Amino acid sequence: MRLSRFPLATAKETPADAEVVSHQLMQRAGYIRKLGSGLYTWMPIGLRVLNKVAAIVREEMNRAGAVEVLMPSIQPAELWEQSGRWAQMGGEMLRIKDRHNNDFCYGPTHEEVITHHVKQDVRSYRQLPLNLYQIQTKFRDERRPRFGVMRAREFLMKDAYSFHIDEADLAREYQVMREAYTRVFDRLGIDYRIVQADAGNIGGNRSEEFHVLAGSGEDLLAVSDSGPFAANIEAAPCVAVGARAAASAVMQQVATPGQKTCEQVARFLDTALTAKVKLLVVQTAAGELRAVALRGDHQLNEVKAAKHPMIGAGFVMAAPEKVEALFGCEVGYLGPVNSPIPVIADHAAAVIADFTCGANQTDFHLQNVNWGRDCPEPETADLRNIVEGDVSPDGVGRIKFYRGIEGGHIFQLGRKYTEAMGLSVLDEASQPVTPWMGCYGIGVSRLVAAIIEQRHDDKGIVWPASVAPFTVVICPIGMDRSDAVRETTESLYAALQGQGLDVLLDDRGQRPGAMFADAELIGIPYRIVIGDKALADGQVEFKARNLAEAERVAATAEAVRARIAAA
RNA sequence: CGGGGAGUAGCUCAGCUUGGUAGAGCAUCUGCUUUGGGAGCAGAGGGUCGCAGGUUCGAAUCCUGUCUCCCCGACCA
């Protein structure tokens, strides 16, 4: 490609509305342009990268035996009514009407559609297993789109759906997909971790996420420092550790005027934060109030709480007025002693002896409180977020936190959708069975940003060759005043292109500094500089984007090609 | 959804408090010079000041409404 004919709009200044480095660089390097909140146009150079990432995903999906389809981005409401999700989904789903006033949505995901089609065509166990995928634009009306294409409303996603005669075959396919995803992420040249995940409202049992490690990531990952354990903090179980010591002192009430938070009380009474029990009040979807006891330094894990039978999905933190009316004190002074509602204690809170807690009386706390003696033995459960330094749930190593960008997610869905949509096939005994289903997503457009988060320097993007918009850029110095430079440039350009390389020729006639700055900003992996000086020795300059030093190679396509191959 | 902020040239922003015919840098165009790290000089083009209404002799500036965008939080998964 000749740059003189390729619309590339780079900017020196960092755009004001871009917070994370990938968004800034994509905008500055002219990869994307914003159309509206969470809506981005992929400009020519950006599209080349997006297409290369998509191509790698496609290759690995095909290699793994999945088959590509393309479903509409607009879906009839009817299908979502069948699965029950038309009512369940919130404002995240963009609902639209056609001219006949019929309801549709812009697809946020395609479980319903694919299940519908499989139902149309698959009748026999002989047609299974089946794994269908597409690379399609999705729309999710995020409350708060941010970070450019990393959390956009419209985005490109690869979503695959597999169907199986039994659970064992689903588990087998899940492993196949896990390996395919591993190959994809390896080829993208990024540092990533596979972590246990919560399946969320999509449903299902086993689920893992592929996270690109980055400080700007929106997810917190709990990873063992010396073992294999790794989980999204949402899904990281906390094991009950240690037994409760015997009570050693008499419960007593102390005045703690104005001390509302655990930190304040611990400081005021000069006791350890870990010896304090705090009580949170949640309101279930049915409107009932429940108290959750946590150790002073711990936080409620909302995913775990939503799974607890006494709390359930759809709970919210209770309004302070309701809590105060029920307990007769301000929310900063709640405790399990004489609690008017059932208390569910996290394992870590349940093993503390002689703890400090609110007295259910404003400006007073209780010390030396003991479960079973001063208040009932609570129902116990795993309800907290794991914290750094905790023993890994599998017992190997200690937990360390990382931030990650969710680039892929694989699920064993089970039969939720096949049942809801009435999909059944005949088995060997001519009996109808409901197939098991898996689904597997990769955020293609998000991955472009995620790669940049990991691969950039102060000059710009540093692409791995696998997804770079161009593999090599040729920068001729003084092309219009030196015949030697012009001739070498043209012949090298033609020859490298002939070898199948994606070559960019900077024939804009810019000064060297401008050419170099642009090449570095847009992140081309290899740069060839052709100038009279080196050419006098029959050489050109070769520089890899990720290395500091330039070197000289013979001014032939073979020599350049060999040098690239060696890099 | 709650709170905060911003909409002025293609981009980044000043001007608004105290109303008087629209500014800078970058980018673009022309000419000359320059040519190994985002060149210099001279000149030029480019804006219904988000939109609608109001106040006023006069509104980018004051008032009302509205739309959009950004940030923090909550929510959702």
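Which residues in H2 meet which residues in H12? Val49, Leu50, Val53 and Ala54 in H2 meet Val444, Ser445, Leu447, Val448 and Ile451 in H12, where contact means heavy atoms within 4.5 Å. The model is predicted: local features need pLDDT of at least 70, side-chain atom pairs count only at pLDDT 80 or more, and totals for chains, interfaces and linings use all residues. Residues are numbered from 1 along each chain as its sequence is written, chains are lettered from A and ligands numbered from 1 in the order in which they are written, and side-chain values use heavy atoms, with hydrogens and water left out.

Helices (H or I, at least four residues) and strands (E, at least two) are DSSP runs, numbered from the N terminus. Axes are lines fitted to C-alpha atoms, for helices over the stretch in contact, and angles run from 0 to 180 degrees between N-to-C directions.

| Helix pair | Angle between axes | Axis distance |
|---|---|---|
| H2 (residues 44-63) and H6 (residues 167-187) | about 150 degrees | 9 Å |
| H2 and H12 (residues 444-454) | roughly 110 degrees | within 9 Å |
| H1 (residues 21-28) and H12 | about 105 degrees | 8 Å |

Angles under 35 degrees count as roughly parallel, over 145 as roughly antiparallel, 65 to 115 as roughly perpendicular and the rest as oblique. H2 crosses H12 at roughly 110 degrees, which means that H2 is roughly perpendicular to H12. The crossing of H2 and H12 is right-handed; a crossing is right-handed if the near helix is turned clockwise from the far one by less than a right angle, and left-handed if anticlockwise. The residues of this contact divide into 8 nonpolar, 1 polar and no charged. Here Ala, Val, Leu, Ile, Met, Phe, Trp, Tyr, Cys and Pro count as nonpolar, Asp, Glu, Lys and Arg as charged, and the others, Gly among them, as polar.

H1 packs on H12 at about 105 degrees, and H1 is therefore roughly perpendicular to H12. Val21, Ser22, Leu25 and Met26 of H1 make the contact with Val448, Ala449, Ile452 and Glu453 of H12. By class, this contact has 6 nonpolar, 1 polar and 1 charged residues. Of the 11 residues of H12, 10 are buried, so H12 is largely enclosed by the rest of the structure. Buried means under 20% relative accessible area, exposed over 50%, and partly exposed in between (1.4 Å probe, protein chains only). Among the buried residues of H12 are Arg446 and Glu453.

H2 and H6 pack at about 150 degrees, so H2 is roughly antiparallel to H6. Their contact is made by Ile56, Val57, Glu59, Glu60, Met61 and Arg63 of H2 and Met177, Ala180, Tyr181, Arg183, Val184 and Arg187 of H6. These residues divide into 7 nonpolar, no polar and 5 charged.

In H14 (residues 512-522), the buried residues are Met515, Asp518, Ala519, Glu520, Leu521 and Ile522. They pack against elements including H1, H2 and strand E29 (526-530). Just after H14, Gly523 takes a positive phi of about 85 degrees.

Val337 lies in the loop between helix H9 (320-327) and strand E17 (343-346). With 7% relative accessibility, Val337 counts as buried. Not counting residues up to four places away in sequence, Val337 touches Met251, Asn360, Leu366, Val369, Asp374 and Cys375. Val337 and Asn360 are 23 residues apart in sequence, and 7.7 Å apart in space, C-alpha to C-alpha.
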